[in-house]
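Take a moment to look over the two chains shown here before reading on. The paragraphs after them are meant to be read with the structure in view.

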Amino acid sequence: MSTDTSLMVRSHEENWLPVLELAIEEVFEIMVGSRVKPAPKGEGTPPGGFTAMVGIAGGLCGILTISCNKKTACEIAKCMLGPEIADSEEQVSDALGEICNMIAGNFKNKLSSADHACMLSVPTVIKGEEYSFRSLADGEELETAMMFGESSVTVCLQLHS
Amino acid sequence: MDQIRALIVDDSSVMRKIVERSLRQAGLELSKVSEASNGAEALAVLAKESVDLILCDINMPVMDGLEFVKQLGSVDNAKGVPVVMITTEGSETHVIQALTAGAKGYIRKPFTPDQVKEHVLPVVGKKS
């Protein structure tokens with residue numbers, strides 16, 4: 001069995017999706033001051049507007065993305081910084097990028113030591129509706145939609161094989 | 001030390017603001033807060049001004065936090081100034097690297113104000 005396959009198998013056997021959801025919940029509770037919970041089925045995949053992504057390389061290899069609509073991204077930034085500060089698109093992007101970075105870090109820190117012997121890239125944020133995103137990661141994909149207030153936020157971890 | 005001059009080094013302006021807020025929530029009285037978005041900028045700040053405390057991310061472009069801490073020894077204004085790393089990099093390897101390079105403390109993101117209090121106050125000579 002190759003290392004690649006074992007990563008995919010482990011993500012199932014060790015049930016990484018709840019680990020990812022716990023990492024998301026902790027980041028939102030601590031840094032945004034808001035409790036998020038997995039969205040009911042059918043509530044996910046909101047129209048894009050803001051997508052932040054962080055690359056992961058090393059013992060765990062892939063890309064983590066978080067996407068939501070513009071209104072939700074602005075609300076997250078306001079919760080993090082206060083309404084008087086989070087008034088620019090640059091700060092909204094920065095805030096979502098940091099959330100993505102912390103989710104990726106928190107997730108890998110919850111895995112075994114071999115998995116968090118890896119590095120994270122600096123976050124990248126895409127703004128706008130009309131784009132398509134395709135990762136060359138060809139392994140397992142873990143995706144979850146979380147409810148932030150009345151809106152959903154989609155987080156996806158695509159693992160390289 | 002009642003009034004603290006802090007230097008916050010992070011490539012995210014959002015995180016710099018959150019770290020500053022957390023320091024104030026931890027009970028530190030900040031007389032001045034300087035900011036830098038990477039290690040090279042931080043060294044340029046320290047060439048011009050003195051600080052009492054440095055909070056530093058690890059994963060930054062241009063010059064990362066570990067390289068910055070290593071170079072601090074050659075900066076007159078930074079001699080003896082405690083550095084606390086605040087980073088998503090939570091592996092034991094990173095912690096050891098940071099402490100070996102000269103950092104006095106290590107906080108993993110996401111962090112609570114209480115964790116900032118616990119790790120920062122002792123290095124500036126205050127009880128947490």
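This is a predicted model: local features need pLDDT of at least 70, side-chain atom pairs count only at pLDDT 80 or more; totals for chains, interfaces and linings use all residues.

Residues are numbered from 1 along each chain as its sequence is written, and chains are lettered from A, with ligands numbered from 1, in the order in which they are written.

Chain A holds 4 helices and 7 strands, where helices (H or I, at least four residues) and strands (E, at least two) are DSSP runs numbered from the N terminus. Followed along the sequence, the elements of chain A come in the pattern α-α-β-β-β-α-α-β-β-β-β. Chain A has 161 residues, of which 42% count as buried; a residue is buried if 20 or more other C-beta atoms lie within 10 Å of its own, exposed if 12 or fewer, and partly exposed in between, with C-beta atoms placed from the backbone. Two residues are in contact if their C-beta atoms, placed from the backbone, lie within 7 Å. Among the contacts in chain A with a separation of 6 or more, 66% are between residues 24 or more positions apart.

A:Ile99 counts as buried because 28 other C-beta atoms lie within 10 Å. Once neighbours within four places in sequence are left aside, A:Ile99 is in contact with A:Val27, A:Met31, A:Ala52, A:Ile66 and A:Ile76. By comparison, A:Leu120 lies 21 residues from A:Ile99 along the chain, and the C-alpha atoms of these two residues are separated by 13 Å. For A:Cys100, with neighbours within four places in sequence again set aside, the contacts are A:Ala52, A:Met53, A:Val54, A:Leu64, A:Ile66 and A:Pro123.

Chain B comes to 5 helices and 5 strands, and from the N terminus on its elements run β-α-β-α-β-α-β-α-β-α. Buried residues make up 44% of the 128 residues in chain B, and among its contacts between residues at least 6 apart in sequence, 64% join residues at least 24 apart. The C-alpha atoms of chain B fill a box of roughly 35 × 30 × 25 Å, taken along the principal axes. A compact globule with 128 residues would have a radius of gyration near 14 Å, and the 13 Å of chain B agrees with this; the radius is taken over C-alpha atoms, and the globule rule is 2.2 Å times the number of residues to the power 0.38.

Two strands pair if DSSP finds at least two bridges between them. Strand S1 (residues 3–9) of chain B pairs in the parallel sense with strand S2 (residues 29–36) of chain B over 7 bridges, and within this pairing B:Ile8 has B:Glu35 as its bridge partner in S2(B). From S1(B) the chain crosses through helix H1 (residues 13–25) of chain B to S2(B) in a right-handed β-α-β crossover, a term which means that, with the strands pointing away from the viewer, the path from the first strand over the helix to the second runs clockwise. S1(B) also pairs in the parallel sense with strand S3 (residues 53–56) of chain B, over 4 bridges. B:Ala6 stands opposite B:Val33 in S2(B), and in S3(B) the bridge partner of B:Ala6 is B:Leu53.

B:Ile54 has its place in strand S3 of chain B and is buried, with 27 other C-beta atoms within 10 Å. Not counting residues up to four places away in sequence, B:Ile54 touches B:Leu7, B:Val9, B:Val81 and B:Val83.

Where do the two chains meet? The contact takes 21 residues from chain A and 19 residues from chain B. On the side of chain A that touches chain B, helix H2 (16–32), helix H3 (70–81) and helix H4 (89–110) of chain A each supply at least two residues, and H4(A) gives the most, with 10 residues. By class, that side of chain A has 11 nonpolar, 7 polar and 3 charged residues.

Methods: Ala, Val, Leu, Ile, Met, Phe, Trp, Tyr, Cys and Pro count as nonpolar, Asp, Glu, Lys and Arg as charged, and the others, Gly among them, as polar.
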